[in-house]
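Please look through the structure shown here with its charged side chains in mind, and follow how some of them pair.

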Amino acid sequence: MKDEYDVVVVGAGPGGSIAAKTAAEHDLDVLLIEKRAEIGNPVRCAEGVGKEGIKSFIKPDRSWISAEVKGARIYSPDGTAIEMSEDMAGPEVGYVLERKIFDRALALQAARAGAEVMVKTRATGLIMEDGFVKGVKGKHFGDDFTVRASVIIGADGVESKVGRWAGIDTTLKLSDIETCAQFLMTDIDFNPDYCDFYVGNEIAPGGYAWIFPKGGHEANVGLGILGSRAGEIKAMDLLKRFVKEKFPDGQVLEIIVGGVPVSGPLERTIANGLMLVGDAARMADPITGGGIVNAMLTGQIAGEVAAKALSRGDTSTKALSEYENRWKSAIGAPLKNSLRAKEIFTKMSDEKLNALAHSIKDVDFSEMTATGLLRALVKRNPKILWELRHLLK
Amino acid sequence: MITVDRHKCGHCGACVGVCPANAIELINRWIELSDECIECGACAKVCPVGALEILNEG
C-alpha cells in the first residue's frame with residue numbers, strides 16, 4: 001500500500017471491482033480494499049442475473065455460471081403461475097451465478113487493469129479536509145493505516161459506512177429493506193429451466209420466496225420479507241416452513257442470509273471527493289431486489305467520472321454531479337417505476353394477488369416485457385388502473 | 001441493552017443498514033455494537049435469523 005492514490009475504492013463486490021477496473025483503465029492510480037479475507041465469500045445473494053445486463057461488463061464464463069434458465073414463473077398465493085421468457089423477465093433472470101467465483105473474476109479484472117487489491121483491509125473512517133473527502137482511515141490485518149486519495153468510491157454495500165462518514169444519511173427504514181434467508185439445497189425436485197418466484201402475505205409478507213436452479217440437483221431456495229413486516233416473524237423461520245412443505249427430503253449445503261435495500265436510490269450519491277455506487281447508493285431494484293447489474297453500471301460510471309474529474313483537477317460535487325446525471329439517465333426512471341410498483345404490490349392482499357394472476361393466466365407472456373405484463377394487468381383490472389398508472393408512462 | 005448471539009449471526013449486515021445511530025459495525029465475520037446504541041430495536045426486527053435481541057434491564 002502506498003500513502004497516496006488517485007482513487008480508493010471501498011468494497012470489492014461487483015460495483016467496487018468494476019469501478020476500480022474502469023478507473024485503472026483510465027490510467028489512474030487505484031487502490032481497491034475489501035474488509036473480508038476472501039472476495040465473494042460469504043455470499044449474500046440469490047445469484048440470479050439477466051444475461052444481457054452482465055455481458056457488457058464481463059465475457060460470460062462457465063466457471064462462474066451455475067445455470068442458465070429459459071424463463072421465470074411467478075406463482076400467486078393460490079398457485080396460479082404466470083410465465084415469462086428469460087429475456088423479458090427482467091434483471092434477475094437468465095444466469096444463476098456462482099458469486100464466489102464471479103466476484104473474484106471481477107476483482108481479477110481490476111487487478112489486471114492495474115488496480116492494487118487488498119483484502120482483510122477495512123475502512124474505519126474518512127480523512128476530511130475543508131469539506132472534501134481526502135482519503136481513508138482503516139485497518140489492514142489489524143494494523144491502522146491512512147491513505148490519501150483525490151476520489152473515494154464507496155462500494156461498501158447494504159452496510160455502507162462511507163456515505164455516513166461523509167454526511168450522507170444512508171439509514172434504511174424497515175420498510176425499505178428486504179430481510180432474506182436462503183439455503184443452497186440438493187436432492188430436491190424442481191424445474192431446472194426456470195427461476196420460480198412465490199408471492200403472498202402468508203408465504204413471504206412484502207417479499208417473495210424463490211427457487212433458482214444452480215445446475216445439477218442443486219438450487220438456491222430462499223425467501224425475503226419486508227423489514228417492516230418482520231420482527232416476530234423471521235425470514236429464516238418462514239424459509240424453513242417453505243422448505244418443509246416443498247422439499248421435505250432436501251438437504252441443505254449452505255445457509256446464506258442477506259439484507260437487500262429496496263428504498264430506491266439515495267437522494268444524494270455524491271459529496272466533495274466521494275461517489276457511492278451499487279447497494280451502498282441503494283441502486284438495487286426495489287421490486288426484484290436485483291442489484292448486480294446496477295452496481296456494475298454505477299461502478300463503471302463512477303470510474304469514468306473519477307478519471308474526468310481528476311484530469312480537470314476538480315473533484316467537487318459540481319464536477320461529480322456528472323455521475324448522478326449519468327446514472328439517473330441510465331436507470332433512474334426504471335428504478336422509480338419499480339419503487340412505485342413495490343409500494344403497490346407489497347400492500348396487496350392475497351385475494352387481490354390471486355385475482356390479478358387469474359386475470360392474465362391465459363395471456364402469452366413469451367414475448368412480453370415487464371411493462372407489457374403491467375399493461376395486460378391494467379387492461380383486465382380497470383380498478384387498479386389508477387394505482388398503476390404511473391408505471392405505464 | 002442489545003445483545004448479539006454470535007452463533008446465530010450470519011454476518012449479512014442488514015442490521016448495520018437500518019441502524020439510525022450508526023452504532024453497529026460488521027467486521028469480517030462478527031458484528032460490534034458501540035455505546036451510541038439508542039435501543040430502538042430496528043436491528044433486532046430486521047435480523048433474518050433473530051441473532052439480535054433487546055434485553056430489558058432490571
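In this predicted model, B:Glu25 counts as partly exposed, with a relative accessibility of 21%, whereas A:Arg122 counts as buried at 14%, which lies under the 20% cut-off for that class. These two residues form a salt bridge in which the closest N and O atoms are 3.0 Å apart. Because B:Glu25 lies in strand S2 (residues 24-27) of chain B and A:Arg122 in strand S9 (residues 121-129) of chain A, the pair joins two chains. Side chains of opposite charge can pair in this way when their charged atoms come close.

Other salt bridges lie within a helix of chain A. In helix H2 (residues 51-55), A:Glu52 and A:Lys55 are 3 residues apart, and so are separated by about one helical turn; their side chains meet in a salt bridge with an N to O distance of 3.7 Å. Of these two partners, A:Glu52 is exposed, with a relative accessible area of 60%, while A:Lys55 is partly exposed at 39%.

Helix H7 (residues 317-345) of chain A holds A:Glu322 and A:Arg326, which are 4 residues apart and therefore separated by about one helical turn. The side chains of this pair meet in a salt bridge at 3.9 Å, N to O, and both residues count as partly exposed, A:Glu322 at 22% relative accessibility and A:Arg326 at 30%. Salt bridges that share partners also join A:Lys173, A:Asp176, A:Lys342, A:Glu343 and A:Lys347 into one network. Over all chains, a search of the whole structure finds 24 salt bridges.

Methods. Residues are numbered from 1 along each chain as its sequence is written. Chains are lettered from A and ligands numbered from 1 in the order in which they are written. This is a predicted model: local features need pLDDT of at least 70, side-chain atom pairs count only at pLDDT 80 or more; totals for chains, interfaces and linings use all residues. Side-chain values use heavy atoms; hydrogens and water are left out. A salt bridge is a side-chain nitrogen of Lys or Arg within 4 Å of a carboxyl oxygen of Asp or Glu. Buried means under 20% relative accessible area, exposed over 50%, partly exposed in between (1.4 Å probe, protein chains only).
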